[in-house]
Amino acid sequence: MDPSRQWQQPDPSGGYGRTPPGGYPPQPPYGQPQQPQYPPPQYPPQPQAPQPQYPPQQYPQPAQPQYPQQAPPYSAVPYATPYSAPPAYQAAPQSGPPVELGAPMVPQRRRNRWFAALIVSSVLLVVLVVAIVVVALNRGSSDPTPPVAASQGPVDSCLIGTWKQTTYQHIVDLTGTDVGTREKLTKIKFSGGGKVWEIRADGNAVEDDTKTVYSGKTDDGRNVTATWEGRTEWKLTTKDGVMSFAGGEATTVVTINVDGSPKGRIELQPNLDPSPYTCNGDIWRTSSKDNDDDFARYDREK
C-alpha cells in the first residue's frame, strides 16, 4: 500500500470519516462576505482652555492742525457735485478757414508769430543777396582786365581793335624787280615799323602804310630804305593761331632809296600767304612759317 494514503482512513461505509464535533466551525453560505461591525470609539471629552481676558486699550487721538480759512482762488462757482465724465466744452466760432477733423489745432497767436518770423527771414535773405552782389561788383571793378579770350566770330576777339607796328624784321628779295636789276640789289634784311592795322569783329580789316618805313644794308654796305604809302583792305579769318587773308585790294606803293637817293618805285601785290600769330592782351605778334628771323610786333593803341 502507498504510504501516502495512510493520512486518512476510509469510512467503513465507503466514505471518509466524519469530522469530530468541534473540529471545524460551521461555514456560512457562500455569497457576499460579511464585514465585521465595530462600535464607534468613545473618546473622553477634552477640557476647554479658558479664553484670555484683555482689558480694552485706549489710544489717544492726534490733534488735527487748524488752518486759517482760505479765500477761494476763483470767482466762479465751484462744482456742487463731483462728476464722472469730463465736462463738455462748446467751441467758439472761428473767423478763419475751417479746420479739418483730426488736424492739430494751432493757436492763432502762434501762427501769427511764425508768419512774422517767415517775413523777417525773407527780408534778411534779400538783404544778404544784395550785399553779396555789391561786394562782387566792387571786387570785379578793382581786378585788372583779364586777357581777352577767343571769340566765336571769324576772327580772334583779342585782335579786335587798332594796332601799331613797333618792331619789324623781314628778309626781302629785290632780285626780280626793275630797281633791283638796275641797282644790283638782292636779298636785304629790312627792319623798322609804322604800319597800322584796324581789325573789326566781322573780319574786315584795313592795313594802313602811310607811315611805314623799313631800312637795311646790301652785302657791299649800301644803305637801302623802303618808304611805303597807301592802304590795303582785307577780309581776315583766324583759326588755331593762324591768320588767313582774302579779298585784298591794295593801293600800296614802295619807294626804294639807295644811300639816300630814290632809285625806283615798286607796286606791291597783296600777299595771301597764311601767317602764324599770337595775341595776349595788348601785344600781337606775327611770324613766318619758312624763316624764324621774320617777325613783327604790334601794340594796341589806347
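**Close-up views of the predicted model**

**View 1. Asp 240 in its loop.** Asp 240 sits in the loop between strand 7 and strand 8; helices (H or I, at least four residues) and strands (E, at least two) are DSSP runs, numbered from the N terminus. This is a predicted model, in which local features need pLDDT of at least 70 and side-chain atom pairs count only at pLDDT 80 or more, while totals for chains, interfaces and linings use all residues. Residues are numbered from 1 along each chain as its sequence is written, and side-chain values use heavy atoms, with hydrogens and water left out. Asp 240 has a positive phi, near 55°, and is a residue other than glycine. Its relative accessibility is 71%, so Asp 240 counts as exposed (over 50% relative accessible area; buried is under 20%, partly exposed in between; 1.4 Å probe, protein chains only).

View 2. Lys 184 belongs to the loop between helix 2 (178-183) and strand 2. Lys 184 is not a glycine, yet its phi is positive, at about 55°. Lys 184 is exposed, with 70% relative accessible area. Thr 218 is placed in the loop between strand 5 (213-217) and strand 6. This threonine, Thr 218, is buried, with a relative accessible area of 11%. Apart from residues up to four places away in sequence, Thr 218 touches Leu 185, Ile 188 and Val 224 (a contact is heavy atoms within 4.5 Å).

**View 3. The disulfide between Cys 158 and Cys 279.** One disulfide is found in a search of the whole structure (a pair of cysteine sulfur atoms within 2.5 Å). It joins Cys 158 to Cys 279, with an S to S distance of 1.9 Å. Cys 158 lies in the loop between helix 1 (108-142) and strand 1, and Cys 279 in strand 11, so the pair ties together parts 121 residues apart in sequence. The S-S torsion is about -75°, so the disulfide is left-handed. Cys 158 is buried, with a relative accessible area of 1%.

View 4. The core holds 28 residues (buried Ala, Val, Leu, Ile, Met, Phe, Trp, Tyr and Cys residues joined through side-chain atoms within 4.5 Å). Those with the most contacts inside the core are Phe 190, Trp 197, Ile 199, Leu 236, Ile 256 and Trp 284. Two or more residues of this core come from each of strand 1, strand 2 (187-193), strand 3 (196-199), strand 6, strand 7, strand 8, strand 9 and strand 13. With neighbours within four places in sequence left aside, the contacts of Phe 190 include Tyr 168, His 170, Val 172, Leu 174, Tyr 214, Val 224 and Ala 226.

**View 5. The largest pocket.** This pocket has about 1,200 Å³ of space. On a 1 Å grid over the protein atoms alone, a pocket is an open set of points where a 1.4 Å probe fits, with protein on both sides within 12 Å along at least five of seven lines; lining residues have an atom within 4 Å of a point. Of its 44 lining residues, Tyr 168, His 170, Glu 207, Trp 228 and Asn 271 are the closest to its centre. Strand 1 (161-173) gives the most to the lining, with seven residues. Among the other strands that each supply at least two lining residues are strand 6 (223-229), strand 7 (231-239), strand 8 (242-250) and strand 11 (275-280).

**View 6. The whole chain, for context.** The protein chain has two helices and 13 strands. Of its 302 residues, 19% count as buried. Among contacts in the chain with a separation of 6 or more, 52% are between residues 24 or more positions apart.

Terms used. Points joined across faces, edges and corners; volume = space filled by probe spheres on them.
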